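Visitor: I have the model open and would like to learn how to read it. Could you walk me through some features?

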Amino acid sequence: MLHQASNRFNPEDLWKKDHDHFLHPYTHFDSFKEEGSLVLVEGEGCYVKDAEGRRYFDGIGGMWCVNVGYGRKEIAQVMAEQALQLCYTTTFVDVTNAPAAELAAKLASLAPKGLNHVAFATSGSCGIDTAIRLAHYYQSRRGASERKYIISRKNSYHGSTYLGMTVGLRDGDQSPHFRYVPDLVHHLSAPYPYRRPDGMSIEEFSDFLVEEFRQKIESLGAENIAAFIAEPAQASGGVTMPPPNYLPRMSKLCRDNGILFIADEVVTAFGRLGHMFASEAEFGIVPDIIVTAKGLTSGYIPLSAVLFSDKVHEVISAPDGDAWFTHGYTYSGHPIACAVGLKNIEIIEREDLLGNAARVGDYLEQRLAGLGSLPIVGDVRGRRLMMCVEYVADQKTKAKLPDEVNISKRISNECEAHGLFVRPIGHLDVLSPPLIMTKQEVDFVADTLGAAIRKVTDELV
Ligand code: PLP
């Protein structure tokens, strides 16, 4: 049962206020002017309700984030209690609060071995800024102040701050209307197995990617490179799982060349692939720095955490009279946010949501694989509760449908009309449901998405 709160809202009034005053992230002004927003007002478990009272299965978990599901009373209680007890402290210099200290220690206990230190921020984007500033500071403090370049990959998304957008490179994000930090980032090819060059085996593709990195290091000079940044599995740039052994090989190149490996686990940490952290458990690497956000609080409140290694900490904390790590935010280690993080992790552990994500996620993979035979489906990919379907005009040539067809949006609209949210991105529809999803709900999702693809395909001919 969803909470009975819809009657507190006037749908038309809300729609108009939003339409007239709210600049949404990633607004497409033409369609927004015409259609405005879908106003959501309630959530419970895996379901949300709109202002008209329609109920949807939230197949995108908010936006990769509502891992423990909506409407958790114990999280609401913890927020209220912490707000009453101590709503805020700074954590600058030498002041702290109990939830921040407890959460830092808890994260260190869960992280891959050696990542015992945590800096808090308020979003994935701010966490990426922190990680890059940390990498620069570390390199400089160890006497390598020329190491400024950041190596990233195409199709990556690392957030929407000035620096985050400079580091990422998805189609369409870097338009000429925005400026980016010059001469800082170098992009390698995306590890996108489905669209690898024709005739290349997956092993050859892995060799190609690693060799490209090796050559990049050679051409820029290792002595000029601070860090390599990668989402272990690229999320909104295509939900791509890297070729086997690619990440360990990239990680070794980093180690051999004094380059820090920053894993952007904003999406993959806290259960989406069935592990607290995917870097080591799923992909066999131990990064120097891991950035987390989203699932850390399941979206109940903004919070991000940047975990980093003893090796980095040793260097940045070595005695040096004048050296200050002059970085941090007013809300770093916010007590209410950290209290929510602790409760959220407690729920994930107590309810074995990693186990559920693994079991139900394996079943989701299996059920979605069945859609692969539909004529406009080029690829069904992902892992567990991080999945997508890529649409094509021709399965053999992998040619895309013309952009004007707006295929993923049409299919997601059709899903929405039948009570399911999936997220259209380019030529994909993406799924990242809460970790509490059941097998029955997997059946609903696979059946509804399959029916939507069939219906839209019929309309195309
Ligand atoms: N990194 C990844 C992999 C993400 O998917 C996102 C957001 O979707 C971010 C960073 C940025 O996080 P935020 O939107 O909280 O700033």
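Visitor: At what angle do helix H14 and H15 pack, and how far apart are their axes?

Guide: First, some ground rules. This is a predicted model, in which local features need pLDDT of at least 70 and side-chain atom pairs count only at pLDDT 80 or more, while totals for chains, interfaces and linings use all residues. Residues are numbered from 1 along each chain as its sequence is written. Helices (H or I, at least four residues) and strands (E, at least two) are DSSP runs, numbered from the N terminus. Axes are lines fitted to C-alpha atoms, for helices over the stretch in contact, and angles run from 0 to 180 degrees between N-to-C directions. Here helix H14 (residues 407-417) packs against H15 at an angle of about 125 degrees, and the axes are 9 Å apart.

Visitor: What word describes H14 relative to H15?

Guide: Angles under 35 degrees count as roughly parallel, over 145 as roughly antiparallel, 65 to 115 as roughly perpendicular and the rest as oblique. H14 is therefore oblique to H15.

Visitor: Which residues make that contact?

Guide: Two residues are in contact if their C-beta atoms, placed from the backbone, lie within 7 Å. H14 contributes Arg410, Ile411, Glu414 and Cys415, and H15 contributes Thr448, Leu449, Ala452, Ile453, Lys455 and Val456. For classes, Ala, Val, Leu, Ile, Met, Phe, Trp, Tyr, Cys and Pro count as nonpolar, Asp, Glu, Lys and Arg as charged, and the others, Gly among them, as polar. The contact of H14 with H15 then has six nonpolar, one polar and three charged residues.

Visitor: How do helix H13 and helix H15 pack?

Guide: Helix H13 (residues 353-369) and helix H15 (residues 439-460) meet at an angle of about 25 degrees, with axes 10 Å apart. They are therefore roughly parallel to each other. Val360, Tyr363, Leu364, Arg367 and Leu368 of H13 touch Lys439, Val442, Asp443 and Ala446 of H15. The residues of this contact of H13 with H15 are six nonpolar, no polar and three charged.

Visitor: Is glutamine 139 buried or exposed?

Guide: A residue is buried if 20 or more other C-beta atoms lie within 10 Å of its own, exposed if 12 or fewer, and partly exposed in between, with C-beta atoms placed from the backbone. Glutamine 139 has 24 other C-beta atoms within 10 Å, so glutamine 139 is buried. Glutamine 139 lies in helix H6. Leaving aside neighbours within four places in sequence, glutamine 139 is in contact with Ala144, Ser145, Arg147 and Ala226.

Visitor: Where is aspartate 352 placed?

Guide: Aspartate 352 sits in the loop between helix H12 (335-350) and H13. Its phi is near 45 degrees, a positive value in a residue other than glycine. With 12 other C-beta atoms within 10 Å, aspartate 352 is exposed. Asparagine 245 also has a positive phi, near 75 degrees, and lies in the loop between strand E7 (225-230) and helix H9 (246-256). Asparagine 245 is partly exposed, because 15 other C-beta atoms lie within 10 Å.
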